[in-house]
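Here is a friendly look at aromatic rings and their surroundings. Please have the structure open as you read.

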Amino acid sequence: ESGAHVPALVIGTGYGGSVAALRLAQAGVDVQMVEMGMAWDTPGTDGKIFANTTSPDYRSYWLRTRTKQPISNFLGFPIDKDVPRYTGILDAEQFSGIIVYQGRGVGGGSLVNGGMAVTPKRENFPGILPTVNPDEMYGTYYPRANAGLGVNFVDQAWWETVDCYQFARVGRKQAQRSGFPFVFVPNVYDMDYMKQESAGTVPKSAVAGELLYGNNYGKKSLQKTYLAQAKATGRVTISAMHKVTSVAPAPGGGFTVLIDQITTNGDPITTKSVTADKVFFAAGSVGTSKLLTKLKATGALPNLNGEVGKGWGDNGNVMCGRANHIWDPTGSVQASIPTAGIDNWTNGGVFAEVAPLPTGIETWASFYLSITKTPNRGQFSWNASTGQVDLNWQTAWKQPSIDAAKTIFDKINAKEGTIYRTDLFGVYKVWGDHLTYHPLGGAILDRATDNYGRLQGYSGLYVIDGSLIPGSTTVNPFVTITALAERNIENIVARDL
Ligand code: FAD
């Protein structure tokens, strides 16, 4: 309610925000969470909460009148289509040189992501977060995060036999024939549920190709894990369809937070003003970076330091497809949940997820999302003439990622006598170098904040999401975001309450 005073306000309901809310509530603090996306708890016109990946509709995109699918073309045809403008679940946020995909709604990225729950190899950790003690992370916080997220492995004996992982078995065979290490990867999707889907005894979700626009069953999104636990404390309130626009020191202490309540057209209905003793920025790497960059530049939070907005990276994401021979079909039924990857980080700086391409027909395509080592980092800046925050990323900065991915897929193509698909990202375009699923950085730990996420320049302001991580996690990021949030909030609860 406008005029309210809250002890703790959390901006965003993704991984960082959910961890913060749960641990603060368990420590006896009342928490107000503010989420600009929808609650995603009510079925749509077809009786389902979420739309299928193969048939995007009004629920699928954040305030767009046309879909912006990561794979934009198929066999020469553009596949994007018009949709009604709505506060849908997937934001394809366009900056000058990159589209950043993000989840919108209560649960943040957990609503739309592949659920791959990967803990980085310990030997790589010092390169990811150099000022964080690896013993504590691997001894305490990674295990805590994995438990809290409900991480589980696929039953490998089952995986070997089912139609829906034919694509992954082809991926394994070809990786191994070229001498690359193939690894199984844990996930937060309930793998027992998937077995039942596959057997036809429960409603299908992953096996029906649901993913990018939400999973109706099976996926343990944050709504079912951290947020359910947080709500059960009785101390956490979540306001969906509310967007934070400003945070500034309040005259009597604490912070004045301005919040727009929005309609499904994205238009503000009312502006509310709330006073909070502590504010946690958990709006995601892009959301938090945009807010902090704007608030520093426009004088709401002038004491933030010069590191705000810096160190943003794409986790080296690049996509590609390969065209297999007729004797290597990848299956007309593909589970939307990835279970495996090619781990060549040590030798080539690439961790490539063997990804599904759930089109419902046989395509003979192998599809990969590579996470690569790249030196390039972008910076956010305030554009006073447009009133927007810009990001200076350039598409050409993906070249090191393409070069790294080629060390795997050129070799596999040579060995198999196959070629790249050139039809998935445009016409005669091999590399999906126009996007990232893994935005990281913009308020780097121990630079924009102290070593636990306390923003420099103010006491009572915190960053607790992917913006703390300097641009790369060497693997899919959400387990590291969750574990770092667990580490930081423990220190904050112990010292700042
Ligand atoms: P987010 O989860 O992005 O949460 C931020 C929340 O804040 C959002 O709900 C947003 O709507 C809200 N918000 C933003 N601004 C405001 C504001 N001003 N006011 C109020 N609310 C606001 N990672 C993996 O580890 N494994 C995977 O398999 C995987 N697959 C992915 C697939 C896709 C298609 C995508 C898009 C991402 C994937 N990711 C994956 C990445 C992962 O989802 C993100 O790294 C993660 O969600 C980031 O967590 P976060 O807490 O930093 O922020």
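## A tyrosine pair in a helix

Tyr-138 is buried, with a relative accessible area of 19%; buried means under 20% relative accessible area, computed with a 1.4 Å probe on protein chains only. Tyr-142 is buried too, at 2%. This is a predicted model, where local features need pLDDT of at least 70 and side-chain atom pairs count only at pLDDT 80 or more, while totals for chains, interfaces and linings use all residues. Residues are numbered from 1 along each chain as its sequence is written, and side-chain values use heavy atoms, with hydrogens and water left out.

Both tyrosines belong to helix 3 (residues 134-149), 4 residues apart, or about one turn of the helix. Helices here are DSSP runs of H or I with at least four residues, numbered from the N terminus.

The structure holds 23 aromatic pairs. Rings of Phe, Tyr and Trp (its six-membered ring) pair if their centres lie within 6.5 Å; planes under 30 degrees apart are stacked, over 60 edge-to-face, and the rest tilted. Tyr-138 and Tyr-142 make a tilted pair, with 4.8 Å centre to centre and 50 degrees between the planes.

Why is the pair of Phe-182 and Phe-184 edge-to-face? Their planes stand at 85 degrees, with the centres 5.8 Å apart.

## Charges over rings

Lys-411 lies over the face of Phe-180, 5.2 Å from the ring centre. Likewise, the charged end of Arg-421 sits over the ring of Phe-74, at 5.4 Å from its centre. The criterion is NZ of Lys or CZ of Arg within 6 Å of the ring centre and within 35 degrees of the ring normal.

Methods. Helix = DSSP H or I, 4+ residues; strand = E, 2+ residues; numbered from the N terminus. Buried < 20%, exposed > 50% of the residue type's maximum accessible area, 1.4 Å probe, protein only.
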